[in-house]
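These are my notebook entries on a structure that I looked up.

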Amino acid sequence: MGLTTPSLTWQEVPADESLIPHDQKWPLLDDLIIRDPSATTDIGNDARKAALLALIDTAFGSTS
Amino acid sequence: MIAQATIRDFNPVLDYLPQLVPEAAIARHDVPEPDDDGEFLHPSARPSDPKEAAIIAVIDYSIPFAHPLFTVESGHSRFAGIWLMEAAATRTRPDIAFGRELRGPQIDKLRLLGDPDAAYRSCGLMSPDRCLSMAHATSHGAAVAALAGGYLPADKEGRRFPLLGVSLPRSVIDETSGSLSTLFIQAAVTFVIARARALARELLGTSTESVKLPLVVNLSMGVTAGAEDASGPLTRLQDAITRDGIDDLGPIHFVVPTGNHRQDCLRARLYKGQDIGWNIPPADPTPNAIEIWGAEGQDVPRIAIRTPDGARLEIPLAASGAGIVLNAKGKQVGRVVLQKRGNPPRACFTVILPPTLPTRLGDPLAPPGMWRLEIVEAGDMGCDLVIHRDDRLPGFRSQALQSRLVDEGYSRRMADGRWPLADPADADQKQAPKIRRNGTVSAYGRGESQIRVGSCLARPAGEISAYSGLLKDGTAGDVIAPADASLSRTGMIVPAIREAGRQRLSGTSLSAPQVTRWLAAALANGKDIPDRDAFGKALREASGNGQPPFDLGIPELPWRHGLQD
């Protein structure tokens with residue numbers, strides 16, 4: 001009948017530590033974020049990061 | 001620095017931002033910056049004496065900032081600043097990455113448009129084609145903000161507590177494991193600190209008195225998995241802020257709920273040779289994940305997983321790494337990641353199963369049913385297992401279903417039908433039931449400084465609510481506050497989004513802001529509460545006697561809360 005005997009195999013995935021060290025990654029993110037190469041925005045990630053860093057500076061810098 | 005490291009570690013979420021917030025919330029280059037930063041509060045909304053004031057901050061979602069409970073008698077807003085992360089970015093500030101910040105006078109102008117809906121509409125928060133965050137009758141943020149800092153406009157007491165707020169994107173909250181929300185919550189904390197400093201300077205003006213306004217931040221959010229110690233990014237940041245202090249501000253406290261998952265069978269302790277069932281629900285469109293933590297100082301455990309149809313695989317990871325589990329047809333049915341996490345580092349496996357009902361054809365899927373997790377080899381302290389939260393919040397569209405651990409030797413209720421409280425004294429014995437209730441406190445409350453708030457009943461007074469999470473030692477928190485009238489009448493009545501609206505809600509999310517309110521008043525009245533220990537002492541003095549966790553008691557609120565009905 002073509003039934004398959006239950007079995008599992010393992011396939012190792014090389015760690016990509018180029019951006020985030022492996023031990024610092026949040027593992028579930030890879031399963032939750034659907035990367036859509038066609039998604040575009042009119043302001044890039046760099047500008048958003050700059051704004052977040054500016055907020056950190058405002059909060060924790062010597063003056064705000 | 002902690003905050004900068006989090007931006008790096010959650011960079012994929014930042015890349016994913018266009019999927020999480022409305023397009024209109026993403027700032028555009030051609031939108032002009034405001035002429036000036038503007039004052040935070042109209043003079044009639046400012047505290048009459050900053051020495052007797054405290055700032056209350058609420059980080060939540062769908063916060064009705066135009067609600068009358070957040071105004072003074074003249075109609076001016078007590079919200080000094082609120083970051084609406086989903087609002088249309090009609091104006092930009094250099095440190096607001098998306099959405100829109102409103103300050104008191106801007107809220108005042110919006111309130112003049114007419115009813116509060118006009119204010120939310122003008123921010124793009126009631127737009128059918130973009131964002132419907134405020135187009136609901138009820139919201140969690142309405143309840144939490146009202147409990148933490150809502151006062152009748154005519155009550156001059158409200159002026160002592162200027163408000164700051166952050167309304168998080170609903171899409172981020174909908175995903176309850178907290179994986180997407182860490183970056184946003186950290187940004188929210190950073191915003192609160194930044195604006196609290198500037199607000200404090202505005203309120204003190206040219207005064208030469210040395211007054212530092214205290215700040216109490218309410219974060220009624222919770223997740224289940226994560227390090228048991230204080231090494232999580234949010235807890236580290238909050239601990240650093242409370243411990244080290246911030247220029248311009250007095251004591252800063254973070255108040256968090258213990259969570260509502262005590263009875264949900266999400267935690268267990270397993271020893272070498274033991275296994276446990278992991279029930280994966282069918283028709284679940286979201287991944288299910290569990291963390292398996294080795295003990296501190298012990299070798300990396302060896303684990304095995306077994307599918308519902310009996311296929312077994314021992315995971316061949318002995319050092320940090322990752323891999324995919326394939327079935328006999330070569331299709332992915334799971335993923336396992338091994339890391340060293342925590343402080344001190346412990347081995348942590350994260351086993352992630354894809355949805356049992358994927359939303360896209362061709363995506364990996366996991367068979368539903370009873371999987372089994374086995375500890376093949378481990379040190380004598382065994383392993384802690386904790387399932388990621390994956391439930392469905394009321395009012396949200398997610399179809400997520402929570403997986404659970406199943407232990408044949410564990411009974412969820414006691415013989416008399418009641419829900420059990422802490423684990424029995426012999427829980428750490430190898431023959432004890434594997435499922436744990438101790439340690440079910442939200443990961444956001446596992447730091448060294450947060451005020452952890454559990455829920456109790458109003459009648460009988462102080463009886464811990466069945467769902468309320470427990471600290472590692474089995475206690476219900478640093479303090480408890482009623483969020484349920486009685487065993488048979490759960491919940492309390494709280495404001496909804498509109499002035500005349502009410503909702504009945506339950507949960508530790510409602511207990512926490514009651515403590516925020518109490519703590520802000522204590523600090524504004526001059527109580528010296530620099531840390532969690534001092535908070536406990538202040539509560540002990542206020543309650544007259546007793547042992548922790550202290551029951552805050554029935555609250556006095558500017559609406560009928562139904563706890564004594």
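I took helices (H or I, at least four residues) and strands (E, at least two) as DSSP runs, numbered from the N terminus. The model is predicted, so I kept local features only at pLDDT of at least 70 and side-chain atom pairs only at pLDDT 80 or more, while totals for chains, interfaces and linings use all residues. Residues are numbered from 1 along each chain as its sequence is written, chains are lettered from A and ligands numbered from 1 in the order in which they are written, and side-chain values use heavy atoms, without hydrogens and water.

Entry 1, chain A. I read the pattern β-α-α along the sequence, with two helices and one strand in the chain. Of the 64 residues in chain A, 31% are buried (under 20% relative accessible area, with exposed over 50% and partly exposed in between, for a 1.4 Å probe and protein chains only). I noted an accessible surface of about 4000 Å² for chain A, 54% of it belonging to carbon and sulfur atoms (Shrake-Rupley method, 1.4 Å probe).

I looked up helix H2 (residues 45-60) of chain A and helix H8 (residues 181-204) of chain B, whose axes lie 8 Å apart at an angle of about 45°. Axes are lines fitted to C-alpha atoms, for helices over the stretch in contact, and angles run from 0 to 180 degrees between N-to-C directions. That angle makes H2(A) oblique to H8(B); under 35 degrees counts as roughly parallel, over 145 as roughly antiparallel, 65 to 115 as roughly perpendicular and the rest as oblique. The contact (heavy atoms within 4.5 Å) includes A:Leu52, A:Ile56 and A:Phe60 from H2(A) and B:Phe191, B:Ile193 and B:Arg197 from H8(B). I sorted its residues into nine nonpolar, two polar and two charged (Ala, Val, Leu, Ile, Met, Phe, Trp, Tyr, Cys and Pro are nonpolar; Asp, Glu, Lys and Arg charged; the others, Gly among them, polar).

The axes of H2(A) and helix H1 (residues 2-9) of chain B come within 10 Å and cross at roughly 165°. The two helices are therefore roughly antiparallel. A:Lys49, A:Leu52, A:Leu53 and A:Ile56 of H2(A) meet B:Ala3, B:Gln4 and B:Ile7 of H1(B).

Ten of the ten residues of helix H6 (residues 140-149) of chain B are buried, so I recorded H6 as largely enclosed by the rest of the structure. Its cover includes strand E1 (55-60) and helix H10 (508-524) of chain B.
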